[in-house]
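Here is a short briefing on the fold of one protein. Keep the structure open while you read.

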Amino acid sequence: MIAPLLELHDLQAGYRDVPIIRGVSLSVEAGRIICVIGPNGAGKSTVLKATMGLLRIFGGDVKFAGEVITNVATEKHVDMGIGYVPQVANVFASLTVRENLALSVRQRKQQTVALEEVLALFPELKPKLGAAAGALSGGERQMLAFARCLILKPRLLLLDEPTAALSPLLVGNVFKKIAEIAALGTAILLVEQNALRALEISDRAVVLSNGENAAEGTGAELLANSRIKDLYLGGHGASPAAPREPARAASY
Ligand SMILES: Nc1ncnc2c1ncn2[C@@H]1O[C@H](COP(=O)(O)OP(=O)(O)O)[C@@H](O)[C@H]1O
Ligand SMILES: [Mg+2]
């Protein structure tokens, strides 16, 4: 067994004094993709924000590379090698692609990779270096958001619904890219509403419900559990009567 790079143990966190996640545990190893699924409002984004040091932690631990980083400042997380791509506002729209990447590097002291190396992973950004990020397509913008993190050579990437609002074709491209990034050795904690497709590229998934772990397993294990399947994975196959997750409301 590989030692986990990230470990959340009984993590409790929330906004101001309101607890939202109430004892979430999970772990992510280098090169693995762990996906967090669950209904809207379950606390998925909150888990990522708490992991990143953006929220008050009420209890439990965040451990990274064996070190407890609970309540450590977010900048320190970045310097330690944790990259976070929030669901929205993850690029500077008025800056060019090149400026977005340069800014990312300038703000941090950690080791970075050369621009060409990042562009090799995202060739679609090459011809757009001089374009404003706001003029990119949704898929390209998501790639730029990934690239802004990857240029800092993170060991762990936290991705919050990277496929939200993308066309089905682009969803496939983004998932392919995530698998490629993991194959290079980066650990990935992926929050997704496209649960079935996310399970295809994930090594394991954690189902969150009401701020707590509701289930955990490989995609095959979760799909074999009819209760989990009905509740969280869109029910039985393509049946039109299958319960669907509610549409996403406001994102954070
Ligand atoms: N900035 C915030 N202030 C107060 N409550 C929030 C904030 N963001 C999210 N919440 C609440 O936390 C709960 C979980 O939200 P979130 O983690 O965004 O869920 P998910 O990502 O699973 O859809 C929701 O009830 C939501 O209303
Ligand atoms: Mg969310």
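Of the contacts in the protein with a separation of 6 or more, 69% are between residues 24 or more positions apart. The model is predicted. It holds nine helices and ten strands. The radius of gyration is 18 Å, close to the 18 Å that the globule rule gives for 252 residues, so the protein is as compact as a globular protein of that length.

**Overall dimensions and surface**
- Along the principal axes, the C-alpha atoms fill a box of roughly 50 × 40 × 35 Å.
- Buried residues account for 49% of the 252 residues.
- The protein exposes about 11,600 Å². Carbon and sulfur atoms supply 54% of that area.

**The six-stranded sheet**
- Six strands make an open sheet with mixed pairing. Their order is β6-β7-β8-β3-β9-β10.
- β6 (82-85) and β10 (212-217) are the edge strands, and each pairs on one side only.
- On average, neighbouring strands of this sheet are turned by 15 degrees against each other, direction ignored.

**The β3-β8 pair**
- Strand β3 covers residues 33-37, and strand β8 covers residues 187-191.
- The two pair in the parallel sense over four bridges.
- I34 stands opposite L189 in β8.

**Helices across the strands**
- Helix α1 (residues 44-51) lies across β3, β6, β7 (156-160), β8 and β9 (204-209). Helix α1 runs at about 145 degrees to β7.
- Helix α6 (residues 168-183) lies across β3, β7 and β8. Helix α6 runs at about 155 degrees to β8.

Conventions: Residues numbered from 1 in each chain as written. Chains lettered and ligands numbered in written order. Predicted model: local features only at pLDDT ≥ 70, side-chain atom pairs only at ≥ 80, totals over all residues. Heavy atoms only, no water. Pairing = 2+ DSSP bridges. Axes fitted to C-alpha atoms, helices over the stretch in contact; angles between N-to-C directions. Contact = heavy atoms within 4.5 Å. Rg over C-alpha atoms; globule rule 2.2 N^0.38 Å. Buried < 20%, exposed > 50% of the residue type's maximum accessible area, 1.4 Å probe, protein only. Areas by Shrake-Rupley, 256 points an atom, 1.4 Å probe, with all protein chains shown as cover.
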